[in-house]
Amino acid sequence: MNTQNNHVISLDAVSKRYGTETVVSDVSFNIQSGECIVLVGHNGAGKTTLMKMMLGLTRPTSGNVEVLGANPAVTRKVAQHRTLGYLPESVAFYEAMTGSEVLAFYARLKGASNIDCENLLDTVGLSHAAKRRVGTYSKGMRQRLGLAQAMLGNPQLLFLDEPTTGLDPSLRHQFYELIDTLHKEGATSVISSHALNEVEARANRFIIMKSGVLIASGTLDELYKQAALPVRLKISVTPGETSSVAERLGSEINISAINNKTLKLSCFNGDKMPLIRRITDLGDVVNDLQIMPPKLDEVYSHFMNGDIS
Amino acid sequence: MKMPGLKVLLILAMKELRDGLRNRWIAAAIIVLGTLALALSLLGSAPTGSVKASAMDISVISLASLSVYLIPLIALMLSFDALVGEFERGTMMLLLTYPVTRWQVIMGKFLGHVLILFIAIFSGYGGAMLIMTFVSGASMEGWQAYVSMMASSLALGAIFIALGYLVSVLVKERATAAGTAIGLWLVFVVLYDLLLFGVLLIDEDQLIGQQLFSALMLVSPTDTYRILNLSMFDGVSQAAGIAGVASEAGMNSVLLISVMLFWIVAPLAATLFVFQKREL
């Protein structure tokens with residue numbers, strides 16, 4: 001039992017092999033109550049398999065998975081599932097049923113009310129199509145119905161596999177607002193995503209997967225530190241003074257671009273403050289200073305390209 | 001708030017039932033079964049002849065002989081897709097993340113499919129029975145024989161629904177399931193009996209005793225169904241010309257019904273066993 005540690009989910013040396021192919025290899029992490037975790041990785045990195053193991057749909061070849069203090073593949077605790085919401089990667093429905101019939105069926109299984117269904121259909125913008133067969137739905141509409149069913153019955157634990165694919169920007173925004181609301185009520189969520197910029201602000205922690213291996217995990221700050229990517233600075237100086245400024249800064253400074261009025265510099269995070277002080281010491285010749293920290297995309301591609309120290 | 005297991009079963013069963021109503025499956029089955037029952041009974045009421053068999057008894061014989069082919073076919077058509085279809089489309093994965101256990105999924109579907117067959121058989125055959133009663137009258141015993149024929153047809157259907165699930169959980173693709181289901185139907189409905197007759201014809205020295213032959217008959221759910229219907233009621237067995245044969249062979253209705261129950265429970269248990277181990 002890990003609940004006394006406040007771990008909602010705990011993976012210990014989890015591996016999954018299909019035949020000779022290793023899909024997940026020796027992955028361990030804990031997820032605390034109320035956290036929003038984002039699983040990042042390319043296609044086939046093992047994100048979906050990890051989720052399926054946490055949901056108890058698939059059993060690990062070795063290692064232990066605990067969700068709410070129990071093995072999800074063995075104990076199919078009813079109580080556990082009442083408060084669980086899952087959106088599969090490519091969600092499939094009973095095609096012959098209408099949108100509202102599908103949602104009503106799932107709501108009955110979770111013990112959610114009909115009003116919940118109507119509200120959710122309204123939230124995801126499917127009210128107008130509620131009486132249509134799901135077979136006639138577009139990909140985006142299916143995704144929206146998928147979200148609606150995942151949100152049934154105020155879930156406390158959410159598993160969302162690529163939740164925003166096929167959603168238009170306004171609906172994406174709405175979707176993240178919905179997630180925020182659930183988080184304020186104490187929900188825990190595990191989201192897998194390609195769209196890093198979207199989830200950047202929401203996630204407490206990231207878990208970066210590559211070919212079944214967990215290659216990095218942590219908060220955004222921790223990932224920046226681990227990646228040790230250079231910070232870029234751009235300074236504007238009095239026209240024509242760039243070469244003299246470069247000289248005064250010294251030869252150890254890394255200058256990536258230079259023209260008549262601007263200099264682009266880069267340095268490691270630890271050297272940033274001394275460099276800024278030296279720039280301000282230059283006096284009136286410097287008109288402007290912009291500091292650009294590395295973007296999440298860069299951090300991600302840094303880990304993905306495998307140049308991990 | 002706890003959700004009792006029975007309620008979940010009912011939710012799943014009602015979904016299957018609604019599916020059956022929505023795709024006109026139930027309507028089609030009622031029409032097919034009703035038309036055949038009516039045609040057979042109206043035709044069958046003509047040659048009652050010197051045995052003085054009632055129209056109802058004749059109908060039981062002809063309907064039982066027909067149902068042996070038709071009901072397994074209908075049942076397999078209902079069930080072969082039940083699991084593999086949901087695996088293939090991906091709906092099973094989502095369903096199993098709901099507060100539903102795997103045995104509830106199987107039993108809920110089973111309940112729903114049996115309910116569909118119940119409606120089809122009892123309205124199709126039952127409707128024909130009512131018309132027959134108005135046209136040519138019926139005795140209490142005739143009614144009993146007819147109703148038990150309907151009930152045993154439902155049991156026969158349940159057997160093949162369960163067998164269909166077993167096929168459905170074992171194969172990888174829907175097409176394979178369809179093919180295997182047809183094969184299963186051929187074996188149980190046609191080939192096994194042909195084989196038995198063949199053995200009897202070859203076996204001139206009677207190496208196979210009556211006991212063994214009876215046992216071989218009981219292995220097949222369809223033969224069990226036939227014997228049950230043709231021997232359980234005197235009027236029917238006299239009309240069929242096999243009065244006393246079954247009891248001489250040591251078969252009573254308790255044994256026959258037990259065999260049919262076994263054929264329902266065993267494939268369901270096997271299906272559940274395989275399904276429990278399956279990863280999605």
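**A colleague's note on the predicted model**

1. Let me start with one residue of chain B: B:Asp193 has a relative accessible area of 9%, so B:Asp193 counts as buried. Please keep in mind throughout that this is a predicted model. The side chain of B:Asp193 meets that of B:Arg226 in a salt bridge, at 2.7 Å from N to O. This pair links distant parts of the chain, with B:Arg226 in helix H10 (residues 221-231) of chain B and B:Asp193 in helix H8 of chain B, 33 residues apart.

2. Helix H8 has another pairing for you to look at. B:Arg174 and B:Asp81 join their side chains in a salt bridge of 2.8 Å, N to O. B:Arg174 belongs to helix H8 (residues 174-202) of chain B, while B:Asp81 sits in the loop between H3 and helix H4 (84-89) of chain B, so the pair ties together parts that are 93 residues apart in sequence.

3. Taking the whole structure, a search finds 15 salt bridges over all chains. Do have a look at the network of salt bridges that links A:Glu101 with B:Lys15, B:Asp19 and B:Arg22.

4. B:Ser79, in helix H3 (residues 55-79) of chain B, has 0% relative accessibility and therefore counts as buried. Beyond its neighbours within four places in sequence, B:Ser79 is in contact with B:Phe160, B:Ile161, B:Gly164, B:Tyr165 and B:Ser168.

5. On the surface, a nonpolar patch is formed by B:Leu42, B:Leu130, B:Ile131, B:Phe134, B:Val135 and B:Trp143, together giving about 630 Å² of accessible area. Helix H6 (residues 102-136) of chain B supplies the largest share, 4 residues. B:Trp143 comes from helix H7 (residues 140-170) of chain B and is partly exposed, with a relative accessible area of 31%.

6. Turning to chain A, there are two domains: domain 1 (3-83 + 154-225) and domain 2 (230-293). Their centres, taken over C-alpha atoms, are 42 Å apart. Helix H1 (residues 47-54) of chain A is mostly covered, with 7 of its 8 residues buried; among them are A:Leu50, A:Met51 and A:Lys52. Just after this helix, A:Gly56 takes a positive phi of about 80°.

Definitions and conventions:
Residues numbered from 1 in each chain as written. Chains lettered and ligands numbered in written order. Predicted model: local features only at pLDDT ≥ 70, side-chain atom pairs only at ≥ 80, totals over all residues. Heavy atoms only, no water. Domains from an automatic or database assignment. Helix = DSSP H or I, 4+ residues; strand = E, 2+ residues; numbered from the N terminus. Buried < 20%, exposed > 50% of the residue type's maximum accessible area, 1.4 Å probe, protein only. Contact = heavy atoms within 4.5 Å. Patch = residues over 30% accessible without salt bridge, like charges linked within 9 Å, V, L, I, M, F, W, Y side chains within 5 Å. Areas by Shrake-Rupley, 256 points an atom, 1.4 Å probe, with all protein chains shown as cover. Salt bridge = Lys/Arg side-chain N within 4 Å of Asp/Glu carboxyl O.
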